[in-house]
Amino acid sequence: MKKKVLIMGAAGRDFHNFNLHFRDNSNFKVVAFTATQIPNIEGRIYPKELAGKLYPRGIPIYPESDLNRVIREEKVDLVVFSYSDVSHEYVMHRASEVLAAGADYLLLSPQHTMLESKKPVVAVCAVRTGAGKSQTARKVCRILRKREKRVVVVRHPMPYGDLTKQIVQRFAGYEDLDRYHCTIEEREEYEPHIQQKVVVYAGVDYEEILKKAQKEAEVIVWEGGNNDSPFFTPDLHIVVADPHRVSHELRYHPGETNLRLADVVVINKLDTAKEEDVERLEKNIFSINPDAVIIKANSPIIIEDGQEIKGKRVLVVEDGPTLTHGEMSYGAGLVAARKYGAKEIINPRPYSVRTIKETFVQYPQMGPVLPAIGYSARQIKDLEESVNAVPCDLVLVAAPIDLRRLMKLNKPAVRVKYELEEITKPDLEEIITRRLKRI
């Protein structure tokens with residue numbers, strides 16, 4: 001008899017695991033996905049165009065709150081946990097729920113979910129969301145382009161819209177962001193690479209994505225999402241760790257797995273971290289991966305005009321996932337506001353509307369900052385209204401994209417950016433140069 005399977009996910013790793021292990025496997029019948037973390041991704045169907053010949057009607061996607069009901073009603077035999085940036089305790093609470101409902105519980109290993117590339121792969125992952133993957137991936141791309149390599153970035157999936165239109169996506173210009181109706185979260189990941197004239201692939205079916213990326217790349221840079229592990233087998237695995245959340249590298253799934261697999265660990269944000277936290281982080285890294293090369297790096301803040309901030313009443317808009325999935329209370333924007341002498345940092349909570357207001361309730365650890373979240377056109381509108389309602393002199397936009405391109409702000413705005421600045425040797429350029437010679 002076929003085993004009945006339910007896959008727990010968040011519109012990314014779950015679909016990849018299905019495509020690789022269950023899509024054409026007649027020993028299993030996947031009865032449903034459940035979805036969490038991201039607003040409005042449940043209530044859809046994983047379409048027949050992606051599900052394959054065994055699923056002519058596609059596969060339903062339910063909210064994770066329906067987990068027990070679906071296990072009972074569908075008589076599920078096996079539940080596969082397939083999403084990221086959750087504590088080990090959280091993973092096992094879900095396991096207890098599943099086991100009590102009568103199903104087995106499974107985690108698939110990275111080695112069983114990574115595709116083999118014909119071209120060299122440099123993977124950039126992290127132990128937590130918001131550690132600094134994006135700036136590290138940009139640095140890797142600059143190093144490779146300096147060596148006159150054709151580079152393509154393949155980014156972890158964020159298929160929040162019509163899945164049949166997102167099977168394989170290629171981003172080479174700003175018009176592609178509009179063509180695919182990208183959310184703020186997608187734009188934050190793709191736009192900085194486009195600015196560097198690097199092509200980005202993403203989507204749902206990573207076997208098809210890899211086939212296309214290999215045709216135009218000499219080197220593929222895998223940029224992970226949250227703290228997930230790579231979908232492609234890396235020739236060089238770089239993992240970014242954050243001393244502001246020391247011990248999380250040992251307490252969050254699958255960040256600890258990444259740390260154990262890493263060739264290189266970048267300890268980022270030294271310029272704003274406590275020395276004792278950096279030392280603790282180094283000890284934790286060495287305790288589980290003594291062979292990893294450790295690179296220490298700053299994350300310097302770059303502002304369009306730092307003098308504009310001094311003496312102003314400011315609203316700080318931070319990178320959304322860093323505050324939500326990453327559980328941080330602030331980001332680079334708040335650091336910039338304090339560094340450059342803001343007179344007052346206005347708390348946005350009293351002025352936030354609808355879905356933005358709900359986000360503050362869901363993530364109460366956030367400080368006096370506004371998360372730049374926009375998983376839908378409606379939420380982008382809510383964010384715009386929330387920004388415009390705050391009585392301030394200036395908006396500090398510390399999201400990786402220029403929100404002024406997406407919304408009409410009724411007050412001046414200044415962008416806050418950050419890059420990777422390595423301060424120890426060997427650095428990424430030396431390691432990449434050495435590794436590519438052996439590939």
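Colleague: Which residues does arginine 155 touch, not counting those up to four places away in sequence?

Modeller: First, a caveat: this is a predicted model, in which local features need pLDDT of at least 70, side-chain atom pairs count only at pLDDT 80 or more, and totals for chains, interfaces and linings use all residues. Residues are numbered from 1 along each chain as its sequence is written, and side-chain values use heavy atoms, with hydrogens and water left out. Contact means heavy atoms within 4.5 Å. With that rule, arginine 155 touches Glu189, Tyr190, Val200, Tyr201, Ala202, Tyr206, Trp222, Glu223, Gly224 and Gly225.

Colleague: Okay, and is arginine 155 buried or exposed?

Modeller: Arginine 155 lies in strand E9. Helices (H or I, at least four residues) and strands (E, at least two) are DSSP runs, numbered from the N terminus. Buried means under 20% relative accessible area, exposed over 50% and partly exposed in between, with a 1.4 Å probe and protein chains only. Arginine 155 has 5% relative accessibility, so arginine 155 counts as buried.

Colleague: How many aromatic pairs do you get?

Modeller: Rings of Phe, Tyr and Trp (its six-membered ring) pair if their centres lie within 6.5 Å; planes under 30 degrees apart count as stacked, over 60 as edge-to-face and the rest as tilted. By this rule the count is 18 aromatic pairs.

Colleague: What kind of pair do phenylalanine 15 and tyrosine 46 form?

Modeller: Their centres are 4.6 Å apart and the planes make 35 degrees, a tilted pair. The pair links distant parts of the chain, with phenylalanine 15 in helix H1 (residues 13–21) and tyrosine 46 in strand E3 (residues 45–46), 31 residues apart. Phenylalanine 15 is at 3% relative accessibility, so it counts as buried, and tyrosine 46 is buried at 0%. To give you the word you asked for, the pair is tilted.

Colleague: And what is the geometry of tyrosine 160 and tyrosine 375?

Modeller: Tyrosine 160 is in the loop between strand E9 (151–155) and strand E10 (168–171), while tyrosine 375 is in the loop between strand E20 (370–372) and helix H14 (377–389), 215 residues apart. Both tyrosine 160 and tyrosine 375 are buried. The ring centres are 5.4 Å apart and the planes are at 75 degrees, so the pair is edge-to-face.

Colleague: Which residue has its charged end over the ring of tyrosine 90?

Modeller: A charge sits over a ring if NZ of Lys or CZ of Arg is within 6 Å of the ring centre and within 35 degrees of the ring normal. Arginine 405 lies over the face of tyrosine 174 in this way, 4.5 Å from the ring centre. Over tyrosine 90, at 4.5 Å from the ring centre, the charged end belongs to arginine 94.

Colleague: In what sense do E1 and E5 pair?

Modeller: Leucine 6 stands opposite valine 79 in E5. Strand E1 (residues 3–9) and strand E5 (residues 78–81) pair over four bridges, and the sense is parallel.

Colleague: How many disulfides does the structure hold?

Modeller: A disulfide is a pair of cysteine sulfur atoms within 2.5 Å. The structure holds zero. Cysteine 125 is in no disulfide, as the nearest cysteine sulfur, that of cysteine 141, is 14 Å away, and for cysteine 182 the nearest one, again that of cysteine 141, is 18 Å away. The count of disulfides is zero.

Colleague: What is omega for the peptide bond from lysine 425 to proline 426?

Modeller: Proline 426 lies in the loop between strand E23 (421–422) and helix H15 (428–438). A cis bond also joins histidine 253 and proline 254, with omega about -10 degrees. The bond from lysine 425 to proline 426 is cis too, with omega near -5 degrees.

Note on methods
Two strands pair if DSSP finds at least two bridges between them.
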